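Please open the model in your viewer and keep a selection panel ready. The stops below go element by element.

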Amino acid sequence: MQRLKELRNDIYKCIHCKACRFAYSGEPDREGIGEHTGVQGDKTFYEGMVQACPAGIEFGWEAFWNAGKIWIARSVLEGDLDLKEHGQEIADVAFPCITCGMCGAQCENNVRTVDVIEALRAAVIEAGTKPLPVHGIMAKNSAVKDNPYGGVKEDRTKWAKDAGVLDSILNKKTKIAYYVGCTASYRQTNIAVATVKLLQKIGYDITILDKESCCGSPFFRTGLIDEAKRTMENNINLFKDFEVLMFSCAGCYRTFTIDYPKWTGKANNFKTIHAMELISELVRQEKIKFKEHPDLTGKTVTYHDPCHTGRHYGSWFKERLIEESKNLMLDMRAAGKIENEWFEVPRRIIKALPGVTFNEMYRIKMDSFCCGAGGGVRGQYPEFSIKTAHLRMDEGDAVGADIMLTECPFCWRNLDDANTQYNHGKKVMTILEMISTYELIESAEKIEVEEALRENHAEQHFPSNKKKK
């Protein structure tokens with residue numbers, strides 16, 4: 001409730017204009033690819049403004065759109081809605097939100113919509129409403145086994161042992177740790193294996209820690225703040241002596257980089273970087289050369305921006321500009337440039353791959369449609385979650401994509417499940433997984449990780465960081 005009160009100004013800035021319902025809400029005349037009929041007969045007109053709130057699309061009435069949830073938060077602040085009396089009713093509309101952040105990206109008043117929704121959820125739990133069933137199970141699993149899936153602690157590094165890389169990356173005297181995350185450790189192990197093998201091939205000396213625990217993202221998102229803070233404190237202590245933490249999971253990366261400093265009130269002792277940033281910097285410096293593979297030649301690929309490494313970072317950049325600006329008018333003009341440079345990170349890699357055609361979907365970057373997996377929705381509302389991913393796969397079909405690329409194990413899982421369940425007939429992969437699986441590296445010259453860190457917008461583009469240098 002305290003956090004909700006801190007966000008009062010954001011909540012009162014919402015004027016119910018409903019722009020948050022759409023992608024490209026500021027560009028009603030935006031050219032697109034026209035009407036497309038999906039594999040299940042769904043018709044979407046990819047032109048101008050397109051409805052883009054998954055919960056609003058699915059459930060259809062006001063409370064499920066962002067403006068409705070902001071109005072609910074306002075009513076809670078004003079005492080018109082009592083959290084103890086109406087907690088379950090509020091939970092019923094607040095928790096189906098995927099917290100993708102599309103609403104905040106469209107908001108001309110810069111309302112921090114995801115922060116408000118997460119605070120509202122936490123306030124509901126704080127007031128005595130029980131967590132949703134699956135969320136409660138996840139928290140109990142995490143408290144006992146340090147992961148929400150209930151996986152055996154001792155099996156956290158089994159993927160590395162099975163892949164034959166455990167001995168080469170465990171307990172090394174290196175200052176670079178690869179934080180694998182729960183999903184890549186227990187579910188999408190293909191992504192963890194591909195990441196390690198790719199980094200090793202280039203020559204990077206990294207380590208993993210078998211005592212790694214959940215990053216806390218599922219609990220920050222679902223209002224279970226006590227468990228989120230427990231896992232956060234555990235990880236901060238576990239990795240305090242490392243200089244760099246590298247990630248392949250978008251959610252983990254966002255949580256360590258954005259949430260930890262927000263909740264502790266201080267900077268991390270370590271730097272954070274996604275593995276794709278390192279590979280992208282190698283491409284930028286022309287230190288890596290890719291080769292064609294016959295199985296990929298002539299294929300069309302498209303890219304799905306994960307919300308956690310895409311729009312959430314873009315919004316974070318803008319928030320920091322607003323906080324630190326001395327001339328907001330000029331600095332806001334720079335925000336778009338910073339965002340575009342950030343979104344070019346994965347695209348730079350794709351554009352360097354020979355033999356494939358890269359077609360962008362209609363909704364991309366800050367306007368990218370969500371895969372449906374985040375915010376605790378995949379666990380509690382699986383049908384709605386996968387249906388959302390199906391709508392995204394339809395958008396990939398509309399541009400003739402044979403391969404749907406992303407850079408997040410959660411997005412990979414949901415998009416791949418929709419691909420199978422709705423018969424899209426695509427291959428779903430992460431960019432780094434494709435490079436590793438098809439052995440696309442012809443040659444590579446290692447650079448220091450710090451060089452890639454200097455290109456990281458979180459380090460490079462803000463006055464407070466420049467002063468520290």
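Start with an open sheet of 3 strands in the order 5-6-7, where the pairing is parallel. Helices (H or I, at least four residues) and strands (E, at least two) are DSSP runs, numbered from the N terminus; two strands pair if DSSP finds at least two bridges between them. This is a predicted model, in which local features need pLDDT of at least 70 and side-chain atom pairs count only at pLDDT 80 or more, while totals for chains, interfaces and linings use all residues. Residues are numbered from 1 along each chain as its sequence is written, and side-chain values use heavy atoms, with hydrogens and water left out.

Select strand 5 (176–179) and strand 7 (271–274): these are the edges, each with a single partner strand, so one side of each lacks a neighbour in the sheet. Neighbouring strands here are turned by 25 degrees against each other on average, direction ignored; axes are lines fitted to C-alpha atoms, for helices over the stretch in contact, and angles run from 0 to 180 degrees between N-to-C directions. Next, select strand 6 (residues 244–247), which runs parallel to strand 7 and is joined to it by 4 bridges. L245 stands opposite T272 in strand 7.

Move to the open sheet of 4 strands, ordered 10-9-11-12 with parallel pairing. Its edges are strand 10 (357–358) and strand 12 (427–430); each has a single partner strand, so one side of each is left without a neighbour in the sheet. Strand 9 (residues 300–303) pairs with strand 10 in the parallel sense over 2 bridges. Here V301 stands opposite F358 of strand 10.

**Helix 12**

Select residues 189–202. Buried residues (under 20% relative accessible area, 1.4 Å probe, protein chains only) of helix 12 include I191, V193, V196, L198 and I202. After helix 12 comes G203, with a positive phi near 115 degrees.

**Helices 5 and 7**

Finally, select helix 5 (residues 83–94) and helix 7 (residues 113–126), which pack at about 135 degrees with their axes 9 Å apart. They are therefore oblique to each other (angles under 35 degrees count as roughly parallel, over 145 as roughly antiparallel, 65 to 115 as roughly perpendicular and the rest as oblique). The contact (heavy atoms within 4.5 Å) involves L83, G87, I90, A91 and A94 of helix 5, and I117, L120, R121, A123 and V124 of helix 7.

Conventions: Buried < 20%, exposed > 50% of the residue type's maximum accessible area, 1.4 Å probe, protein only.
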